[in-house]
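Trainee: I would like to go through this entry feature by feature. Please give the convention behind each term before the case itself.

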Amino acid sequence: MTTVVLEDLVHTYAEGSVRAVDGVDLRIGSGERVALVGQNGSGKSTLARHLNGLLRPTDGRVLLDGVDARTRTVAQLARAVAVCFQDTDRQIFAGSVGKEVAFGPRNLGMPADVQRAAVTEALDAVGLAAETSTNPYDLGYSRRKLLTIASVLAMRTPVVVLDEPTTGQDARGMDRVATIVARLAADGRTVIAISHDMRFVAEHFERVIVMRAGKVVLDGPPVAVFGSAAWDTLASTYLEAPYPARVGQRMSLGSTPTDVAVVAALGARVHPGRSRPDA
Amino acid sequence: MTLALHGVGYRYAGASTESITGVSLEMRDGEVVGLGGASEAGKSTMCLVLSGLAPRAIKGVLSGTLLVDGEDVTAWPMHRMAEVVGTIFQDPTTQLSGVCATVFEEVCFGSMNLGLARDKVIDRTYAALDAMGIGELAARDPSRLSGGQMQLVAIAGLLAMRPRHLVLDEPTAQLDPAGTVLVADALAHLAAEGASILIAEQKTDMLARICSRVLILESGRIVLDGAAEDVLADARLDALGVPAPSAVRLRRALDAAGLATDLPADLVA
């Protein structure tokens, strides 16, 4: 398993231009479910692209299990960190769903039987097992998005980065993505997801990192990051706590980032003798 | 009657069945209609048909009739459709012209092509940049923006064209919550001026916020059609693959726990 450390990471796309990432220090342990949130253009995707070497730091370091990523090739880093991009159509290139998902495992040199198992498992997880011979472009947008997630899962890397995995997903797709996040973490794999969906983040991640103008401005569990003490900082990056958090604040229930938390807090108020249900 | 479909079906070239079928819809002036449904229920096909792109650019067979302001548009060429019905799709990278060096030029691009006077184009461009909160991006290269910023640029370009009607296919898919609010406000403003707007969207909180009426598609057919607050609280939404809005979900969670507590009515999800 792999620990990800960023040390004073800085990235500028061109000399003299704006610092897309501006001095980020982070330590993410293996098996953590981390959501990266912030305004459009706050540096989330730029940061994520450093984790597999697609971008190299202008300054500072990326360490994977203590090893400076700069000393590793993109091919070597691909064994540790797989990144699923926001724009599906820049990622998909194979002529069939099966080939698309098999590309990563094959390039990593997995033995044939392991490759097959990895592909099947990944397609099952996203609900595309019946589509192996389908052309990816015959799938609708939301299933293409799930296909790109499957491609990343099939690489069986200890760290998985998902850039806006719930974009365009319907209720079932959201459930699938939530299940994938939970299973990855249960397997001890690290999930780092970029998302604009604060409800999804609050319900399925244990740690929320808020970025603004290339810097980390909040870092903590949902109960802290979406608690009213953090609202001014959230607002400064044009974010708003999810609806249950705002309901809880209004009703003086404390910090309630999820529906479950609101129910528990209200239940405790109505029936003070009864212990809080499991959150 | 602004945009209307009478018994419309659409079968893509090479497909054996229709992606939407037997769809009838009459929109009213100033009406913001939300379109929900599971993935591949036909939302994008509806948008392509209403915008005129299907069958003009996306080949296939259209049955039934599309009326714009009461006129059968079957014989209209694409450029005439585009002047009346503006369209935005979920993927901004396919929406931008790819030939403009700056965001400002990109936002000008559509209204320039309408043949408007230069001063008018410039005024509209500033207004649209301002409405989308992207004035400071004016000098940037559109291809170097983040996904969400590109989406705002695409929407600004559409606003600058001031189309009478708007068809939007998940216009806020990559937007942060603030960008989503800007788009919602801009749409409400256009509707107040009489534009009729159809917006396909998975985010039911967004639909609850801006739509007066919501349609739900299943397998290419309209299965729910009514006032937004009724449709979005309908118990069948789950089975139709549509996530209930945040306020509805919390209400249900409280009911399930036997908590009758009222929720603050003025909080917008």
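Trainee: Among contacts in chain B between residues at least 6 apart in sequence, what percentage join residues at least 24 apart?

Mentor: First the ground rules: this is a predicted model, in which local features need pLDDT of at least 70 and side-chain atom pairs count only at pLDDT 80 or more, while totals for chains, interfaces and linings use all residues. Residues are numbered from 1 along each chain as its sequence is written, with chains lettered from A and ligands numbered from 1 in the order in which they are written. Two residues are in contact if their C-beta atoms, placed from the backbone, lie within 7 Å. In chain B, 66% of the contacts between residues at least 6 apart join residues at least 24 apart.

Trainee: How many helices and strands does chain B have?

Mentor: Helices (H or I, at least four residues) and strands (E, at least two) are DSSP runs, numbered from the N terminus. Chain B has 10 helices and 10 strands. Its radius of gyration, taken over C-alpha atoms, is 19 Å.

Trainee: In what order do the strands of the open sheet in chain B lie?

Mentor: Strands pair if DSSP finds at least two bridges between them. In chain B the order is β2-β1-β4-β5, with antiparallel pairing. Strands β2 (20–26) and β5 (71–72) of chain B are at the edges, each with a single partner strand, so one side of each has no neighbour in the sheet. Between β1 (residues 3–12) and β4 (residues 60–68) of chain B there are eight bridges; H6(B) has T65(B) as its bridge partner in β4(B).

Trainee: How many residues of chain B are in contact with chain A?

Mentor: On chain B there are 36, facing 37 residues of chain A. Helix α10(B) supplies the largest share of the chain B side, six residues.

Trainee: At what angle do α4 and α5 of chain A cross?

Mentor: Two packed helices are described by the angle between their axes and the distance between the axes. Axes are lines fitted to C-alpha atoms, for helices over the stretch in contact, and angles run from 0 to 180 degrees between N-to-C directions. Helices α4 (residues 112–126) and α5 (residues 141–153) of chain A cross at roughly 145 degrees, their axes coming within 8 Å. Residues making the contact include L123(A) of α4(A) and L146(A) of α5(A).

Note on methods:
Rg over C-alpha atoms; globule rule 2.2 N^0.38 Å.
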